Amino acid sequence: MNTSHPNFMRIALRLAAHNLGQTWPNPTVGAILVKDGQIIAEGITAKGGRPHAETQAIEQAGDNAKGATLYVTLEPCSHHGQTPPCAEAIIKAGITHVVVACTDPNPLISGAGIALLKKAGITVTEKMGEGEALDLNRGFISVITKKRPYVALKLATSLDGKIATRSSQSQWITSEPSRLRGHLLRSQYDAIATGIGTVLADDPLLTCRIEGLEDRSPVRVVFDRQGRLPENSKLMKTQDKAPVWPTKNGVEESLHELAGRGITRLLVEAGTKLSTAFLQSGQVDRIYWFRAPVLIGNDGQGAAGEGFSSELTQLARWKTVEHITLGSDTLSILECLPVS
């Protein structure tokens, strides 16, 4: 196997990661064209899902694409949708070798794109960088396999798991580096959800406010059963910056509704009530737990409320996949383990 394959695929994967949270309802895909050991073109799925990465790279290379190797992070599509199949564009361009990170989980495509390339005489190398490619498209995969977005819950607490003091003070528990990381997370998710209680108490914006990433703010979803969202709230007054989608439904119904509207990745930033509802529903895939080096005590407000099982064997188990130091704070990233 060509020893340069992994290096070029890593570049394609970095391209794909750049538009994470911006390409829904489509997956984020990176593609590069290589000829004589040099990158001659690159593409990335555009905001909103089109144009696709492969066609952008091919168009950029022009006639020089003939005889080149294409590195792409997801199997090229083979069906006629709103755009012609990328597999056909690859064949027409005269590309002789395609290196694919992972197959497309969409039943309309899965394996068919690769089969079409092979039938045309193109050499195909599969599963190069598969793990990272699957991780990038967890949201797209979740919509196909679970009929709901990939769900991440963000918690910002004290060391003893409190999100606010007894007087409900919650702002600035964590440090500036943690808050910046939280804004970066917002830019990487299609939508962000909160509860009406948080809106009424804090009047948040829920936008990404990192310089240069302001245009990457997610759709803002408000769980509001009684329709109390104020017209003069910061959310409603900034709909030109990011849409606001109120929902009167519960967690599971809302998740199916969001998937139907194209959302693949949902970040939950909420108070105790909604965070608890998501955890109790069993629909949380990942937790971003920001912890500040302070203790608030038992009279503070907990990150999770009541209603969990008293039986240890029935509680969800979590695996820590990464610890990150952010100034004086710690960020732990945890993923839910499958039920045994």
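Q: Why is tyrosine 71 called buried?
A: Tyrosine 71 has a relative accessibility of 2%, and buried means under 20% relative accessible area, exposed over 50% and partly exposed in between, for a 1.4 Å probe and protein chains only, so tyrosine 71 counts as buried. The model is predicted, so local features need pLDDT of at least 70 and side-chain atom pairs pLDDT 80 or more, while totals for chains, interfaces and linings use all residues. Residues are numbered from 1 along each chain as its sequence is written, and side-chain values use heavy atoms, leaving out hydrogens and water.

Q: How many aromatic pairs does the structure hold, and what makes the pair of phenylalanine 8 and tyrosine 71 tilted?
A: There are 4 aromatic pairs in the structure. In one of them, phenylalanine 8 and tyrosine 71 lie 5.3 Å apart, centre to centre, with 45° between the planes; rings of Phe, Tyr and Trp (its six-membered ring) pair if their centres lie within 6.5 Å, and planes under 30 degrees apart are stacked, over 60 edge-to-face and the rest tilted. The pair links distant parts of the chain, with phenylalanine 8 in helix α1 (residues 5–18) and tyrosine 71 in strand β3 (residues 69–72), 63 residues apart. Helices (H or I, at least four residues) and strands (E, at least two) are DSSP runs, numbered from the N terminus.

Q: Is phenylalanine 8 buried or exposed?
A: Phenylalanine 8 has a relative accessible area of 12%, so phenylalanine 8 is buried.

Q: What makes the pair of tryptophan 24 and tryptophan 245 edge-to-face?
A: The planes of tryptophan 24 and tryptophan 245 stand at 85°, with 6.2 Å centre to centre, and the pair is edge-to-face. Tryptophan 24 lies in the loop between α1 and β1 (30–35) and tryptophan 245 in strand β10 (residues 244–247), so the pair ties together parts that are 221 residues apart in sequence. Tryptophan 24, at 23% relative accessible area, is partly exposed, whereas tryptophan 245, at 14%, is buried.

Q: Why are α2 and α3 called roughly parallel?
A: The axes of helix α2 (residues 53–61) and helix α3 (residues 86–93) come within 9 Å and cross at roughly 20°. Axes are lines fitted to C-alpha atoms, for helices over the stretch in contact, and angles run from 0 to 180 degrees between N-to-C directions. Angles under 35 degrees count as roughly parallel, over 145 as roughly antiparallel, 65 to 115 as roughly perpendicular and the rest as oblique, and therefore α2 and α3 are roughly parallel to each other. The contact (heavy atoms within 4.5 Å) is made by Glu54, Thr55 and Ile58 of α2 and Cys86, Ala89, Ile90 and Ala93 of α3.
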